[in-house]
Amino acid sequence: RGLGPEERSSVAALLEGVSRRQGRIDARLRAAGVTPAPRSRLLASLRLSDGGAGDGGDCGVGLPEQTTAAERRWLSSLSPPLEGAEMDAASRLECPSWAWERFRAAYGDGVDAELRALQLDAPLDLRVNTLKATRHEALTAIRSAGFAAERTPYSPVGIRLPSRAVALGAIPGLREGVVDPQDEGSQLVALLLGAKPGEHVVDYCAGAGGKTLALAAQMRNKGRLVAMDVDHARLERGAPRRKKAGVDNVQTHVIEQGKDKWLKRRKRTFDRVLVDAPCSGVGAWRRNPDARWLRRTRPIEELLPVQADVLQRAARLVRPGGTLVYATCSLLPEENEAQVEAFLASADGAEFELAPPEHFGAPFDDGYLRLSPARHGCDGFFGAALVRSEGGWTRRGRRTAGASC
């Protein structure tokens with residue numbers, strides 16, 4: 001209360017900085033015999049920053065006056081730099097204990113580079129709504145308004161601003177639905193589905209609908225696009241976004257727990273199904289630095305069976321010859337390749353095969369789309385494109401080529 005916009009922005013940036021350095025701050029606090037807590041973290045962050053530490057002298061420089069004698073004593077024992085050779089690797093790389101061994105196993109000698117990239121702040125990526133403008137038109141308008149903006153390197157509909165510290169409402173086209181904030185990795189996952197005008201398409205875990213909007217634009221508002229989620233409120237929040245974007249080919253369906261008669265009646269009917277599965281979200285840590293510590297998602301041991309179930313249920317909707325894309329914003333193989341491999345080995349996956357597109361804006365690795373901040377500059381995303389074999393029955397009122405009479 002009583003703070004102006006600039007002051008609020010400064011406070012938010014200060015607190016985000018603490019979250020972004022929390023692992024290293026906690027290590028320094030423990031080494032000083034101090035219990036990590038919100039206040040001690042903030043004081044230590046101020047002390048160990050350039051403005052709070054000065055030349056290592058008076059610990060009050062850059063610190064609030066309301067520090068206790070005990071706090072001043074332990075603060076005086078801290079001096080920059082934040083990191084030291086004695087600091088353990090997990091703390092140095094801002095990796096919580098539950099994820100450390102998983103990252104080490106997945107990336108080996110490359111773990112430092114992957115986790116260092118997740119420490120950095122993310123840029124502001126925008127997706128151009130091609131129902132309303134071309135990328136050239138949107139980019140020209142944004143640059144004309146004084147913003148430094150560039151084309152994203154992989155997504156053909158992306159624009160990148162170097163910093164998220166901008167007033168979103170001042171970006172030309174954002175209020176009108178010409179552009180929409182969406183990380184380039186998320187854009188690429190939507191593009192991987194390859195949705196076309198006139199098709200029947202499902203966004204199975206649609207949430208508030210960022211990828212739904214991207215798919216509608218690919219379809220040129222033609223065909224049938226069903227946004228599904230277990231949370232009715234999340235789907236409802238997508239309605240104003242669809243209206244602003246000029247999207248009118250979307251229906252919604254709330255997925256019922258257990259048996260869902262609506263889904264059962266529509267087995268093998270959709271041309272393309274996107275499964276953006278619930279996951280640990282480690283690929284978005286640079287965008288949400290506190291998420292690695294607050295654990296807003298379920299433990300990964302609970303997520304794995306949920307992911308497998310979601311993939312199997314969604315796959316049943318794909319028609320013969322249709323495409324299924326499984327995606328996460330995770331960098332951990334057990335949520336990604338392992339889930340796809342287990343599905344392909346199951347009864348539900350017997351008719352599917354891995355089928356990466358021949359021409360795509362981003363490189364594939366062993367048939368998978370594996371994106372990371374360290375290698376691609378976008379959030380960490382995984383995508384696998386699977387195709388159901390032709391033949392067999394479909395509820396779309398026809399048999400496919402190769403089906404027996």
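In which helix is the place of Val11? Select Val11 and you will find it in helix α1, residues 5-20, where helices (H or I, at least four residues) and strands (E, at least two) are DSSP runs numbered from the N terminus. The model is predicted, so local features need pLDDT of at least 70 and side-chain atom pairs count only at pLDDT 80 or more, while totals for chains, interfaces and linings use all residues. Residues are numbered from 1 along each chain as its sequence is written, and side-chain values use heavy atoms, with hydrogens and water left out.

Stay with Val11, which counts as partly exposed at 40% relative accessibility; buried means under 20% relative accessible area, exposed over 50%, and partly exposed in between, with a 1.4 Å probe and protein chains only.

Next, select helix α7, residues 97-107, whose buried residues are Trp98, Ala99, Trp100 and Phe103. The cover over these buried residues includes α6 (89-92), α8 (111-119) and α14 (291-294), with contact meaning heavy atoms within 4.5 Å. Just after α7, look at Gly108, which takes a positive phi of about 50 degrees.

Now show the aromatic side chains, where the count comes to seven aromatic pairs; rings of Phe, Tyr and Trp (its six-membered ring) pair if their centres lie within 6.5 Å, and planes under 30 degrees apart count as stacked, over 60 as edge-to-face and the rest as tilted. Trp98 and Trp285 form an edge-to-face pair, 6.3 Å centre to centre with 90 degrees between the planes. This pair links distant parts of the chain, since Trp98 is in helix α7 and Trp285 in the loop between β8 and α14, 187 residues apart. Phe103 and Trp285 form a tilted pair, at 5.9 Å centre to centre and 35 degrees between the planes. Because Phe103 lies in helix α7 and Trp285 in the loop between β8 and α14, the pair ties together parts that are 182 residues apart in sequence. Select Tyr107 as well, and you have one aromatic cluster of Trp98, Phe103, Tyr107 and Trp285.

In the loop between β8 (270-276) and α14, move to Pro289, which counts as buried because its relative accessibility is 5%. Leaving aside residues up to four places away in sequence, Pro289 touches Glu16, Ser19 and Arg20.

Finish at Ser144, which lies in helix α9, residues 135-144, and is exposed, with a relative accessible area of 62%. The C-alpha atoms of Ser144 and Asp365 are separated by 38 Å, and the two residues are 221 residues apart along the chain.
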